[in-house]
Amino acid sequence: MPVPKKEAKPVAPPEFEFRVQIMANNIRLKNASYLQARYHLPYPVVETHQDGFYRYSVGSFKTYSAALATSKEIRSHGVFDAFVVAYRNGFRIPITSEMKR
């Protein structure tokens with residue numbers, strides 16, 4: 001009697017979020033909300049520390065396109081080097097082409 005084959009269940013991608021990074025420095029700012037006030041940003045600034053750098057970002061987006069649109073908006077506020085980054089469990093991770101879809 002043949003053994004029935006089990007169908008492979010699709011593996012759910014690990015949860016991640018996109019953010020817009022506005023600054024990174026090896027010295028911690030005294031107050032991250034200073035950046036929000038300085039650039040008149042409509043989003044709160046989040047600070048993370050990884051690999052010796054304090055990174056400051058805004059937003060939490062499920063899609064790359066939403067984060068990209070926000071990075072353009074942030075640049076119009078004077079943060080000319082704002083760019084999209086990805087985080088999983090509070091740590092920055094590389095953005096893959098699959099994540100951009």
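## Overall figures

Of the protein's 101 residues, 31% count as buried, where buried means under 20% relative accessible area, exposed over 50% and partly exposed in between (1.4 Å probe, protein chains only). The model is predicted: local features need pLDDT of at least 70, side-chain atom pairs count only at pLDDT 80 or more, and totals for chains, interfaces and linings use all residues. Residues are numbered from 1 along each chain as its sequence is written, and side-chain values use heavy atoms, with hydrogens and water left out.

## Fold

The protein has two helices and five strands, in the sequence order β-α-β-β-α-β-β. Helices (H or I, at least four residues) and strands (E, at least two) are DSSP runs, numbered from the N terminus. Among contacts (heavy atoms within 4.5 Å) between residues at least 6 apart in sequence, 64% join residues at least 24 apart.

## Nonpolar core

The largest nonpolar core holds 21 residues, and F18, I22, L41, V45, Y56, V58 and I74 touch the most other members. Such a core is a set of buried Ala, Val, Leu, Ile, Met, Phe, Trp, Tyr and Cys residues joined through side-chain atoms within 4.5 Å. At least two residues each come from β1 (17–25), α1 (33–39), β3 (53–61), α2 (64–75) and β4 (83–88); β3 gives the largest share, four residues.

## Position V20

V20 lies in strand β1 and is buried, with a relative accessible area of 0%. Beyond four places in sequence, its contacts include Y56, V58, F61, I74 and F83. The C-alpha atoms of V20 and V84 are 4.6 Å apart, although 64 residues separate them along the chain.
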